[in-house]
Each structure stands twice: as C-alpha cells, then as structure tokens.
Amino acid sequence: MDTALGITLKAAMEHLQLELGVPGCPFDYDFSVWGHLATDSWVKALWERIDKFGIVVKLDYHTIPTPREHDIPIMQLMVDKGLRGTDLKRVNRARIAQEALFLSDITTATGRHLEAHLLDD
C-alpha cells in the first residue's frame, strides 16, 4: 500500500541513492566508506544504525539499470580504485555537477575517452 510515510521514505532513499551515485539500495553499501557523501537526514541516520549493528534489510528496491554493457557507476569505480575521504567527496561533487551516474555518462560513444567539454576549465 502506498502510504504517505512509504512514499516519503522511498523518495528519501532515491535521493540518497543519487547523492551517493550508486545504482542499488543505499543500505547495501558500507556506511564507513560512503556515509560522508550523504547529507545528514533521517534516512542517513537509519542507514548508519543498520550498518553499525550489522542488520540485514531486505527491500524490494529497484536498481538503476546499466545503460551500456560493461558500464560501471563512477563512484563505485572510484571506491574500487581506493579513493576515500576528501578525494572521494571531490569526485562526487564533480559527478553531481555533471549529473552523471555511470562512466558512460561522461565518455564518448566508444567509451574510450572522456567527453571533451568535461576537460575544459
């Protein structure tokens, strides 16, 4: 049933998902790595507690589909490459400014080069 609380919670989680730059449920990500990228909110506090106490939450949560075969979320790539803290936050700010989620959002059609306009000052 779509209640006012349910709609609000879904909207808050979707906002958190886009703010983090992840395609899946934000609760599935390690808060100690990703948490500082999120704005303080009720859903962030809930995520922190879920992670802290090792609670497994199973939600029927729709992930954002990958636009291209072998595509990867930008922020997941950065975390996999070892970026943390301030450096990860800087990349995330730039990603949000470009309204990009996946690597394909900032590369040419071949996927081999970054879009030229992104390299300008």
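Guide: A salt bridge is a side-chain nitrogen of Lys or Arg within 4 Å of a carboxyl oxygen of Asp or Glu, and buried means under 20% relative accessible area, exposed over 50%, and partly exposed in between, with a 1.4 Å probe and protein chains only. This is a predicted model, in which local features need pLDDT of at least 70 and side-chain atom pairs count only at pLDDT 80 or more, while totals for chains, interfaces and linings use all residues. Residues are numbered from 1 along each chain as its sequence is written, and side-chain values use heavy atoms, with hydrogens and water left out.

Visitor: Which side chain of opposite charge is nearest to R95?

Guide: Lys and Arg count as positive and Asp and Glu as negative, while His and the chain ends are not counted. R95 is buried yet has no salt bridge. At 7.3 Å away, the nearest side chain of opposite charge is D105.

Visitor: Is A116 buried or exposed?

Guide: A116 is found in the segment after α5. Its relative accessible area is 56%, so A116 is exposed.

Visitor: How far apart in space are A116 and I106, C-alpha to C-alpha?

Guide: In sequence, A116 and I106 are 10 residues apart. In space, C-alpha to C-alpha, the distance between A116 and I106 is 9.3 Å.

Visitor: Where is R95 found?

Guide: Helices are DSSP runs (H or I, at least four residues), numbered from the N terminus. The run that covers residues 85-97 holds R95, and this is helix α5.

Key. Helices (H or I, at least four residues) and strands (E, at least two) are DSSP runs, numbered from the N terminus.
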